[in-house]
Amino acid sequence: MTDHLPDDRDAVREALIAWYEADHREFPWRRTDDAYRILVSEVMSQQTQLSRVEEAYADFLDRWPAVSDLASAERGEVVSFWSGHSLGYNNRAKYLHEAATQVVEEYDGEFPTDPDELQELMGVGPYTANAVASFAFDNGDAVVDTNVKRVLHRAFGVPDDDAAFAEAASALMPAGESRVWNNAIMELGGVACGQSPRCDEAGCPWRRWCRAYETGDFTAPDVPEQPSFEGSRRQFRGKVVRALGNHDELTLDELGPRIRVDYSPDGDGEGSRTWLRGLVDDLADDGLVEVAADDGGATRIRLRA
DNA sequence: TTCCGGCGGC
DNA sequence: GCCGCCGGAA
């Protein structure tokens, strides 16, 4: 059932890891292998944008630097810290405190290293257990979250099915390298292959294998079929210019999917070829782009020199 | 009785 | 993403 993956899996693996190691966002929790710290970051990340998490994470660890500190805190203190930092869902603070107590009382202060045991901790389900095992102990399996699903679906056509995603993700991960691998593939989903893809801008390492990059079909499980009022015309004009900056020349139908994920040549409404043509014509009138040859969908557009 | 999948609340 | 609850299956 791993027939979606390319033949040369090692090349795919190496390309991603090299891309990640060359450059990636530096989060404080990526610079530690302390299971307690990893757990705190994971619990916080499940509900808040990463930018807000950074501050709360630092303050939290400042106040309770080790799992034993958290375990001996009053539950009320932890909960009020949580709301004080607008982290929402106060139950999570309760669970985190309870998990710390479990580690101290049932595991003698040492986090278990296996995902199955980690799952015994309050508030820790399959996802979080695997994340902690990976990032703290390099002892996990492939993470499957919405980022990973989106990437696998687009790049290799893995069907929108939980079992298929789990199997493909696991088959692709280099054995015993869950720490770097999970960081890398989630970085890919966050930086290059988000809901609106940035393949060229982010230098996606998988372009040569990527089915979506080839076909222009960037649909994904978490991408709404018809995005609500997402972009202004002005925003789309910017995207056209940026896309043309990365390719000498594009046809309307090659350009479309790079501008908006719901592009479809048909019809004449928002996101249609007609709509895109109007956008391009305006840019041409402004002297920003030029129409190299006019041939319907194969109309070729380039940046004006 | 226990286990599992689905669903809603947090 | 996790928990808790529910109904149906074993």
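Helices here are DSSP runs of H or I with at least four residues, strands are E runs of at least two, and both are numbered from the N terminus. Keep that in mind, as the helix labels come up throughout. This is a predicted model, where local features need pLDDT of at least 70, side-chain atom pairs count only at pLDDT 80 or more, and totals for chains, interfaces and linings use all residues. Residues are numbered from 1 along each chain as its sequence is written, chains are lettered from A and ligands numbered from 1 in the order in which they are written, and side-chain values use heavy atoms, with hydrogens and water left out.

Let's start with the overall layout. Chain A is assigned domain 1 (34–137) and domain 2 (233–303), with bounds that come from an automatic or database domain assignment. Taken over C-alpha atoms, the centres of domain 1 and domain 2 are 48 Å apart. UniProt, in an unreviewed entry, lists "domain: HhH-GPD" for residues 44–191; such positions are given in the numbering used here, feature names are shortened, and annotations may be inferred rather than shown by experiment. Over residues 44–191 the chain is 67% helix and 0% strand, and 20 Å separate the end C-alpha atoms.

Now for the DNA. A residue counts as near a strand if one of its heavy atoms lies within 4 Å of it. Around DNA strand C you'll find Q46, R92, Y95, D145 and the run from M122 to T128, made up of M122, G123, V124, G125, P126, Y127 and T128. Which part of the strand faces the protein? Of the atoms of DNA strand C within 4 Å of the protein, 84% belong to sugar or phosphate, and the rest belong to bases. Backbone N or O atoms of the protein reach phosphate oxygens of DNA strand C at 2.8 Å from G123, 3.0 Å from G125 and 3.3 Å from Y127. The elements giving two or more residues to this surface are α6 (91–106) and α8 (126–137), and α8 gives the most, with three. By class, the surface near DNA strand C has five nonpolar, four polar and two charged residues; Ala, Val, Leu, Ile, Met, Phe, Trp, Tyr, Cys and Pro count as nonpolar, Asp, Glu, Lys and Arg as charged, and the others, Gly among them, as polar.

On a 1 Å grid over the protein atoms alone, a cavity is a set of points where a 1.4 Å probe fits but cannot get out, while a pocket is an open set with protein on both sides within 12 Å along at least five of seven lines; lining residues have an atom within 4 Å of a point. Points are joined across faces, edges and corners, and a volume is the space filled by probe spheres set on them. The whole structure holds two cavities of 30 Å³ or more.

The largest cavity comes to about 110 Å³. Of its 15 lining residues, C193, C199, C204, C210 and F218 are the closest to its centre. The second largest cavity, about 80 Å³, is lined by L39, V43, Q46, R92, Y95, L96, M122, G123, V124 and T128. Here α2 (35–45) and α6 each supply at least two residues, and α6 has the largest share, three.

Finally, the largest pocket has a volume of about 560 Å³. Of the 23 residues lining that pocket, E42, S45, L50, Y127 and M186 are the closest to its centre. The largest share of the lining, five residues, comes from α11.

Terms used: Polar contact = N/O pair within 3.5 Å; in protein donor to acceptor, adjacent residues only side chain to side chain.
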